[in-house]
Amino acid sequence: MKAVIMAGGFGTRIHPLTINLPKPMIPIFNRPIILHIIALLKKHGIDELVLLLYHQPEVIKSYFGDGSEFGVRITYVTPLEDFGTAGAVKAAAKHLDERFMIISGDLLTDFDLSAALRFHEEHKAMATLTLTSVPDPLQFGVVITDKEGRITKFMEKPGWGEVFSDTINTGIYVMEPEVLELIPENENRDWSHDVFPLMLQKQLPLFGCSLGGYWQDVGNTDSYLETIQDICAGRVNIETGEDKPSALHAGLFLGEEVRLTQPKESLFEGRVLLGDNTQVLGRVRLKNCVVGRNCVIEDGVQLDGAVIWDNVYVREHSSVKGAVLCHNVRLGKGAKVEEGAVIGEHSDIGAQALVRKDVKIWPNKTIESGATVTTNLIWGEKWRRSIFDGAMVRGLTNVELTPEFTAKLGAAYGSSLPKGAWILSGRDAFRSSRMLKRAFIGGLLSAGVSARDIKRVSLPVLRNKLTTFGEVGGVHFRQCADDPASTEIVFFDTEGNEISSGAAKGIERLFYKENFRRAHYMEPGVLRELPSIYDFYRDGFLRGLNVETIRGSAPKIVIDFGHSPAGDLLPQLLNDLGCELIEINSHVDESIPTLTPEQTAKAEAQLSRIVTSLGANAGFLLGPSGERMTLIDERGNILSDIDAFVLLAAMVCRTRKEGVIAAPVSAPHILEPLAARAGLSVKRTKTDGRSLTAEAQNRQVVFAGTLDGRFAFPCFQPNFDALFSVARILELVAIIGQPLSEIAQDIHRRPYLHRETACTLEQKGGLMRKMSEDSVELDTTYIDGVKVQLNGDWVLVLPDAHRPVAHVISEASDESKAAELVERYLDKIQGWKQDLAQG
C-alpha cells in the first residue's frame, strides 16, 4: 500500500526553527519529524511513499534520496504552484492508482494506522478521516459523526462560536483513488474547504474513525517543546533509534563516541539523550533533555527540558531551561536561557547574558556579554503566537507596537497587495496613532504600494470611501477603548469590510518570514492626501436621507463628540439638515485620552441632564472612532446598547414595508414578530462585526447592528456609522411622529440575561462538545455557539473569541425563568469543566 506524506508547508508559525530548514526536517530526539512518520508507516506495512514537496524541497531529497537507506521506496512530487492540500495530491494522481493513505510530515503520533485501514474497509468508505479529541480545537477541523461513523458536519479551523465538539480532523486520511476525480487538475483545492464538503453534498461515503493514542501537531515552538517532554515522560510510543540505557542512569541514552569526563559527579534525571560525538566536560546536571551531535557541554552546565541541536557549544556554568538552541549556537560562560526561548542557528550569546522567557532570536545574531534580552530581536517586541486578533493588530504603544514593528507590518501589508496598488490610511486624534501610522506608511511605500492619507478622520468616512473604486484596502490607527496605553491597527478590504482571517494570515506569514517585496529605488510608493474626502462623504450622507422630512421636524439634539474627529464633520451636516445642535466636547484635542468606563458613565449622566434641562429631542454620545454611539431619549433615559438596537429595529419596521434586518444570533427574539408584522424578515448572523457588515451588503438588508452600539443603514453604506445613525434616527422619529420614549413604550421586550463564566482556552473545545451532546435531542442552532430553544424561551452558550470566558445568554417569558435558564446552564458548564479536568 502507498502513503502520501504532505511535506511542503512553510512552517511560518514555528519560526525561527524553520528559517533554514523545512518543517518536516525539524529534529525530534535527533531524528527529523518526518522520519518518525516514515517509521510509523513501515510499522503498519506501508513502504511505498509519495512525498509532496514545495518549500525547500532539496533539503528533504538530499536527506532521504530514493528511500532505500530507510527501508522504503520514495517518489517525489513537487507542484509548480501552491495547489492547496487536495490540489497537491491531485498532482500526484498518476502514482495513486490504488487505495492510499495521506499523512502530514510535520506531526508526531503513535496511532494504530492499521485500525484506520480496517475501519475504512469494513465501512466501504470512499474516504476515512482519522479523528481524535484535543483541548484546543481552534486550529483544526472540527468533525461530528453519527453513530455509524459517517461524517455529518465538518468545519475547518472554526472560531469558538462554531466549535460544536473537540473531536478534530487529524489530517490522516485513507482514500480510494476515485476521490481524486472530484479534484480538477492544476487548480487550488483544499480537502476541508472544498473536497469533503462536496462529498457531503453528494452524499458519498465519507467516514470518521476515532483513534486513541498520542497525536501532536508540531505547529509552533511551544508544541515542539511539549512534544519533546511528552517523549521524555513516556506519553508517546515512537522509535528514537536509541540502544539500551547507560549503566550510569536508567534514563540516560548515549550515541556513538560520546565522552563524559566526570560521569559519577554529574546528575542525570528523567530521560536524557546525548548525540554522537558529543562531549560533556565536567560535572553537569541534565534533566529531560536532548543534546544533538558534535556538541560540547562544559563544567557546571544545567539543562532542564532543553533541546540542543547539532554542533552547539555550551560554556561553563550556563543554564538552559525549557528552551531550544538550534544548530551551531554558541552559549557563553554563565549565560542563562529561560523557558520557551528559541536561539536561531549560528547565533552567539555572550557571557553572563540573559535571554528571558519566550524570547525568539533569529539566526546569525550576536548578543553582547552581560546583555538582558527581554524582547524578540527581530521585531522589537515580545513573541506572540499571532500578531492579528481578527482584522486587528493590538499592543502596548511604543512597547509592543513600536515604530520598527509597524514599519515591518506596513512592509508585510504592502507585500500582500499588488505592486502599484493604492490604499487609504487614517487615524484617530491621538499623537501616538499618528506616530505609528507614519512608520507604517514608510514600510508600505517600500513595497511599492501607494497611500492616500486622510490623516485624522472618523472611521466611517474611511470605510465609506473604500466602497468606491480606487483603493484595494485601508488601515486605521486608533487608541484602544478599554486600554489607553494600547493602540489598535484595523485593516479593511476593498469593500470597507474588516479583512478576512485568510488575508490576515497572509500578512502575518510575510511578517514572520520578513519576505518583503522591495521596490526599486526609483519605484517606491507615493504618499498623497485626499482633501475632498469630506465632500464625498457629505454627498452620499445627504443622498441617503429624506432631507426635507428632517428639516420639517426641526429637531433639537445634544451631542457629546468626546473630542473625536466627528466634531470636524457632523455639526455642519446636521446644520444643513435644519437641526438645532448643542455641541459638547466637539473640539478635537490630541492630548485627551479615551474615556474609561467610569468616565463614560459620568459623561452619559451629564448628557442626560442636559437633554432634559434643554428640552431636547434626543442626546447622543459618540465613540472616539465614530462607529459606536449611546442614545438618550427626550426624557433623559440612557438606553442600553441592546435597548437601542431593538428600538432602532422597531423604528425601521414601522417605516418600511419590506426588507431584511441583520441581527446577531444573541439579539432578543422580539425582532422576529416586529419584522413579521411589518412585512420584513430577520437574518441571524454570527456576533462579530465583520459578519454583520458582510450581510449588510445584501441589497435587501435595510438595517444591521451589534449589541455594543454599532449600527449600519445600507441606504448610505453597509458599514457601522454613528454619524449617519444620528441623522437616520432623527428622520425615523420625524416620519413616525412620536418621541423616542413613546416608541420605546410600545416595545414589550422579554427579560434578557447575559452572564460570563471562566473558561480556559483548553476547556473551550470540550465545553462545546459537551453542550452539543447535551442538546442533541433539543431544537438547536449552531450559527455562533450553541443556541437551544426551550418552549419559546432560549439559551445561548458562546465561547469568547479572545478572552478566557464563555458567555451564557438567555431570554424568557419572565425574569425568574430567564434567571433559572442561565443558572441551569452555568451549573452544567461547571460540571462539564470538572469532567474535562478529570479526563
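Which residues are linked in a network of salt bridges? They are Arg 394, Arg 463, Arg 478, Asp 482, Glu 488 and Glu 627. A salt bridge here is a side-chain nitrogen of Lys or Arg within 4 Å of a carboxyl oxygen of Asp or Glu. Before we go on, note that this is a predicted model, where local features need pLDDT of at least 70 and side-chain atom pairs count only at pLDDT 80 or more, while totals for chains, interfaces and linings use all residues. Residues are numbered from 1 along each chain as its sequence is written, and side-chain values use heavy atoms, with hydrogens and water left out.

Let's zoom in on one pair from that network. Arg 463 forms a salt bridge with Glu 627, and their closest N and O atoms are 2.7 Å apart. Arg 463 sits in helix α9, whereas Glu 627 is in the loop between β41 (618–622) and β42 (629–632), so the pair ties together parts that are 164 residues apart in sequence. The labels come from DSSP runs, numbered from the N terminus: helices are H or I with at least four residues, and strands are E with at least two. Arg 463 counts as buried, at 2% relative accessibility, and Glu 627 also counts as buried, at 4%. Buried means under 20% relative accessible area, exposed means over 50%, and partly exposed is in between (1.4 Å probe, protein chains only).

By this salt-bridge rule the count comes to 41. One of them joins the side chains of Glu 773 and Arg 769, at 3.6 Å from N to O. These two are four residues apart in helix α20, so about one helical turn separates them. Glu 773 is partly exposed at 47%, but Arg 769 is buried at 18%. Another salt bridge pairs Arg 803 with Asp 800, at 3.8 Å from N to O. Here Arg 803 is partly exposed, at 39%, and Asp 800 is buried, at 13%.

Now back to α9 for some helix packing. Helix α9 (residues 459–466) packs against helix α11 (residues 533–543) at an angle of about 80°, with axes 10 Å apart. Axes are lines fitted to C-alpha atoms, for helices over the stretch in contact, and angles run from 0 to 180 degrees between N-to-C directions. The two helices are therefore roughly perpendicular; that label covers 65 to 115 degrees, while under 35 is roughly parallel, over 145 roughly antiparallel and the rest oblique. In contact (heavy atoms within 4.5 Å) are Pro 460, Val 461, Asn 464 and Lys 465 of α9 with Ile 533, Tyr 534, Phe 536 and Tyr 537 of α11.

For another arrangement, look at helix α15 (residues 641–655) and helix α16 (residues 671–678), whose axes come within 9 Å and cross at roughly 10°. That makes α15 roughly parallel to α16. The residues making this contact include Phe 645 and Val 646 of α15, and Leu 671 and Leu 674 of α16.

Finally, find helix α21 (residues 815–837). Its 23 residues should span 33 Å at 1.5 Å a residue, and its end C-alpha atoms are 33 Å apart, which agrees; the expected span is 1.5 Å times one less than the number of residues. Among its buried residues are Leu 821, Tyr 825 and Trp 832. What covers the buried residues of α21 includes α20 (761–774) and β50 (793–799).
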